[in-house]
Amino acid sequence: MEHRLTIYNTLSRKKEQFVPAHSPHVGMYVCGPTVYGDGHLGHARPAITFDILYRYLTHLGYKVRYVRNITDVGHLEHDADDGEDKITKKARLEQLEPMGVVQYYLNRYHKAMEKLNVLPPSIEPHASGHIIEQLEFVRKILDAGYAYVSEGSVYFDVEKYSKDHHYGKLSGRNIDELLSTTRELDGQSEKRNSADFALWKKASPEHIMNWPSEWSQGYPGWHLECSAMGTKYLGEEFDIHGGGMDLLFPHHECEIAQSVAALGHESVRYWMHNNMITINGTKMGKSLGNFITLDEFFEGTHPLLSQPFSPMTIRFFILQAHYRSTVDFSDEALIASEKGLQRLMEANAHLDKITPAERSTVDIRSLRSKCYEAMNDDLNSPIVISHLFEGARTINTIIAGKETINAEDLEELKSVYHTFLHDILGLTAETGANDEREAAYGKVVDMLLEQRLKAKANKDWATSDQIRDQLAVLGFEVKDTKDGFEWKLNT
Ligand code: ZN
C-alpha cells in the first residue's frame, strides 16, 4: 500500500509509521460509551476522532475491522447516596429490565452518532453479552498467578505483576509511588493493595445484573471487558486501540496488564488517545452547570447557547482541532465554525455550477498531495481544512469570473473535495428528510432556470422574465452570472 501514514503511539511516545501486522487487514478497537444518560461532547470527540481514522484507513484500501464496545456492566456511574449503579437503580425504581434501560440510551446514542455522520463500527459488542469470555480471561490470569480470590471477588495483583512486568508503561505512572501511597489504605479492604483492581466482583443483594461464576454470583470488573472482547474479535495481537485520554489510567494500563498476564504478551501495537473537551475554559461537569448534551446543542436549549448548532457544525468544530489538542467549546467559537463550514459547503456547491474554460489560470495541482500529507501526519485534520479553505478561495475567484479553470482541473478539484471533505472528514450538507426534500426543490428550480437560459438564448424575453418573476413571488432571488445563474431562497 502506497502511503506514509504516521500516527502518534502513546506507548512509544512518538510518531510511528503505521504498518499493520496483516495488511491489508487492520484490527481496531475503541473504548465505546458507558450507556447511561444522553450523549454529550465527551462522547462525540472519540467517536469522531476514530471515525476519521476508520474512514482514512478504509480510503487507503485497508480492510478495517472496527470494534467499539458498549459498557453496560462493570463500570457504571454510581449513585452518591446508596452506591447503587444507575442502570440497576433506574431499572428497579421504574420496574424495567436493566437491558431495557441500556437499549433506551443506546438507541439515543446511535441516533446522535448518525446525525454527526459517525459511521457505525463493524462490531459493537456489549460487555453483558460476553460474560463467558471474561470469566475465561479471569481464569487465565489466576492460573498465571497474577490474581487472587478474596471474599468471592477476584483481584489483579499489581505488586506481583510489577515484579515481572512494567505496570505503568503506558501512563508513565511510577509503580513504587503507586504502591507506597496506596498501601496504608488497605486495612479494611478485601484487597491486598489498593492499587489492585477487580477482575470479578461479588454482587451485593441489590445488584440485579449478576452472573454465576466459580467464585460467586457477581459481575466483571470494568477493565476486563475490553481485554476479553478485543481478543475475541481481533485476536491476541491487533493493530490499534483507541480511546479518550481520560482512559489512559487506570483503564488502558489495566488492559495491558490483563493481556500480558493472561496471554503472556501485549495485544496492541499502536495506542491512540484523543484529548479532552472543555467548555468556556473549564472541565465539563454536571455540578458546574456546563454539561451540555448533544441534543441540547442540536436544539439550542442550553442556557450557555445563544442558538442551535447543527450536528455538522459540531463535527466541523471538533475537526478544526488536532485530536491530540484540547478543544474548548464556547458559543462564539461555534458561531465562527458555523460560518466557516458554510463557506466550505458553498464553495463545494459552486463546483457544480462552474463551466470549464479552455485553459486554467489557477494552480490546483498540489492541493491533493497537500491534503494527503496532512492526513498522513497523524491525522492533521485542521491542516486539511485549511487546504480546503484555500481551494474555496480559488473556487470563489473562478465563480466571480476573475480566474478560469479547464475541464481537467475542474474534475480534479471536484474529486479532491469529494474525497477529503466528504469521504474522509465526513462533512456533508446537513441530511434529514427535510433537507432531501429541499434538495429536490432545488433541482426543480435549477430545471426552471435552465429553461429560462434557453428562452434567453432564443431571445424569448417574455418567457425568461416570466420565470424569473414567478420564482421571485415564491421567494427565490435569481442572479445572472457569467456562467449562467445563481439563486437563493429568501426566508
Ligand atoms: Zn475499554
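**Exercise 1. Enclosed spaces**

How many cavities of 30 Å³ or more does the count come to?

*Solution.* 

Step 1. This is a predicted model. The count comes to 3 cavities of 30 Å³ or more.

Step 2. Take the largest cavity. Its volume is about 100 Å³. The lining has 13 residues, and Glu 255, Ser 259, Ser 267, Val 268 and Trp 271 lie nearest the centre. H7 makes the largest share, with 4 residues.

Step 3. Sort the lining of the largest cavity by class. It divides into 5 nonpolar, 6 polar and 2 charged residues.

Step 4. Move to the second largest cavity. Its volume is about 80 Å³. Its lining residues are Thr 49, Ile 52, Ile 318, Leu 319, Ala 321, His 322, Tyr 323, Leu 379 and Ser 381. H1 and helix H10 (311-319) are the elements that give two or more residues to this lining.

Step 5. Sort the lining of the second largest cavity. Here 6 residues are nonpolar, 3 are polar and none is charged.

**Exercise 2. An open pocket**

Which element supplies the largest share of the lining of the second largest pocket? Work out what else is known about this pocket.

*Solution.* 

Step 1. Start with volume. The second largest pocket has about 1,100 Å³.

Step 2. Look at the lining. It has 40 residues, and those nearest the centre are His 40, Gly 42, His 43, Asp 246 and Met 276.

Step 3. Assign the elements. H1, helix H7 (222-234) and strand E11 (277-279) each supply at least two lining residues. The largest share, 5 residues, comes from H1.

Step 4. Sort by class. The lining of this pocket holds 15 nonpolar, 17 polar and 8 charged residues.

**Exercise 3. The zinc site**

Which residues coordinate the zinc ion? Then find the helices that hold two of these residues.

*Solution.* 

Step 1. Name the donors. Cys 31 and Cys 226 each use SG, and His 251 uses NE2. The distances run from 2.0 to 2.1 Å.

Step 2. Read the spacing along the chain. The donors follow C-x194-C-x24-H.

Step 3. Check burial. The cut-off for buried is under 20% relative accessible area. Cys 226 has 2% relative accessibility, so Cys 226 counts as buried. His 251 has a relative accessible area of 1% and is buried too.

**Exercise 4. Helix H14**

What does helix H14 (residues 407-424) span from its first C-alpha to its last? Then list its buried residues and their packing partners.

*Solution.* 

Step 1. Get the span. H14 has 18 residues and reaches 24 Å, close to the 26 Å expected at 1.5 Å a residue.

Step 2. Find the buried residues. They are Asp 409, Leu 410, Glu 412, Leu 413, Val 416, Tyr 417, Thr 419, Phe 420, Leu 421 and Ile 424.

Step 3. Find the partners. The buried residues of H14 pack against helices H1 (41-59), H11 (331-350), H12 (367-376) and H13 (381-399).

Step 4. Look just past the end.

Methods: Residues numbered from 1 in each chain as written. Predicted model: local features only at pLDDT ≥ 70, side-chain atom pairs only at ≥ 80, totals over all residues. Heavy atoms only, no water. Expected span 1.5 Å × (residues − 1). Buried < 20%, exposed > 50% of the residue type's maximum accessible area, 1.4 Å probe, protein only. Contact = heavy atoms within 4.5 Å. 1 Å grid on protein atoms, 1.4 Å probe; cavity = no way out; pocket = protein on both sides within 12 Å on 5 of 7 lines; lining within 4 Å. Points joined across faces, edges and corners; volume = space filled by probe spheres on them. Nonpolar A, V, L, I, M, F, W, Y, C, P; charged D, E, K, R; others polar. Donors = N, O, S within 2.8 Å, 3.2 Å for Na, K, Ca; no water.
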